[in-house]
Amino acid sequence: MFTPNEIYCPPPQPEHEVLGRTLPSLLDEACKSHPNAQAFNHWTREGWEPVSSRAFCTTTEEIALGLKELGLETGDRIALLMHSDVNFCLADMGSLLARLINVPVYMGETPENMVFILQHSGATALMLSDLQVLKQVAPCLHEVSTLKFVFIANGLNSSTTEDALTKLRVDIPESIQLISLSTVRAWGIEQWSDQSRKNLRAEISPEDVATIVYVAGATGRCQAFRSQVLPIFQAVTALRQRLQHGAPLPV
């Protein structure tokens, strides 16, 4: 399993140094100080639907508690093969709250690199956008020995798991559990309380590894980089400060 020694940190910001903060704490601050009824807009069959900052926060807590209830532990790697939408954001923040390490996978990645990323990172779980993405990645799952869970954000419920696989004409290894994200949330809702919310945040450390990012090298083989929760927060803070002062964004 990939355990790099080098950790990316953004350039120092001595005049705006922020220590001891995490992305979840930034989300909490936004919900408290700047509540937004339309923080996100999510496309559904009925059209665009707003997602408030408070609803987003609560949903990520439910996901985190559900992942922990399933038995995922601190430091386990969860790969995210998802479209860039609200569900990706929910999975991203939910796994951070559960103290898992995110491994985002580019949707257009080659099958060879998908297998390499999942195996090299030691991913225990894989989050997919929908059943069509499952159909795309299913052949790769037989070549990955570390996976225990595959989560589907859209289009699957507990009563249609076998039917969905039959309809898609795909099979996955028997060692992998196929679970809908709504089921994970349901488990989390059963565990949700003011105390459980506090416990989630009390366990998070700014020194936690947040993500492992794989970038294709000159040979086509991916190289891995990781970052902690705190440097990511510092990068977000620096970007926000540039926007507030009207500075151009770095490219």
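Glu-62 lies in helix α2 (residues 53-69); helices (H or I, at least four residues) and strands (E, at least two) are DSSP runs, numbered from the N terminus. The model is predicted, so local features need pLDDT of at least 70 and side-chain atom pairs count only at pLDDT 80 or more, while totals for chains, interfaces and linings use all residues. Residues are numbered from 1 along each chain as its sequence is written, and side-chain values use heavy atoms, with hydrogens and water left out.

**Glu-62**

- Glu-62 counts as buried, at 9% relative accessibility; buried means under 20% relative accessible area, exposed over 50%, and partly exposed in between (1.4 Å probe, protein chains only).
- Leaving aside neighbours within four places in sequence, Glu-62 is in contact with Val-184, Arg-185, Gly-188, Ile-189 and Trp-192, where contact means heavy atoms within 4.5 Å.

**Helix α1**

- In helix α1 (residues 23-33), the buried residues are Leu-23, Pro-24, Leu-26, Leu-27 and Cys-31.
- These buried residues fall within an arc of 160° seen down the axis of α1, so they line one face of the helix; the arc is that of the directions from the helix axis to the C-beta atoms.
- An α-helix has 3.6 residues a turn, so residues three or four places apart point the same way.

**Helices α4 and α5**

- The axes of helix α4 (residues 111-121) and helix α5 (residues 131-141) come within 9 Å and cross at roughly 65°.
- Axes are lines fitted to C-alpha atoms, for helices over the stretch in contact, and angles run from 0 to 180 degrees between N-to-C directions.
- Pro-111, Met-114 and Val-115 in α4 meet Gln-136, Val-137 and Cys-140 in α5.
- The residues of this contact divide into five nonpolar, one polar and no charged (Ala, Val, Leu, Ile, Met, Phe, Trp, Tyr, Cys and Pro count as nonpolar, Asp, Glu, Lys and Arg as charged, and the others, Gly among them, as polar).

**Aromatic pairs**

- The structure holds four aromatic pairs; rings of Phe, Tyr and Trp (its six-membered ring) pair if their centres lie within 6.5 Å, and planes under 30 degrees apart count as stacked, over 60 as edge-to-face and the rest as tilted.
- One of them is the edge-to-face pair of Trp-43 and Trp-48, at 5.3 Å centre to centre and 70° between the planes.
- Trp-43 is exposed, with a relative accessible area of 53%, and Trp-48 is exposed at 58%.
- Phe-116 and Tyr-214 also form an edge-to-face pair, with 6.3 Å centre to centre and 90° between the planes.
- Phe-116 lies in helix α4 and Tyr-214 in strand β8 (residues 209-216), so this pair ties together parts that are 98 residues apart in sequence.
- Phe-116 is buried at 17% relative accessible area, and Tyr-214 is buried at 9%.
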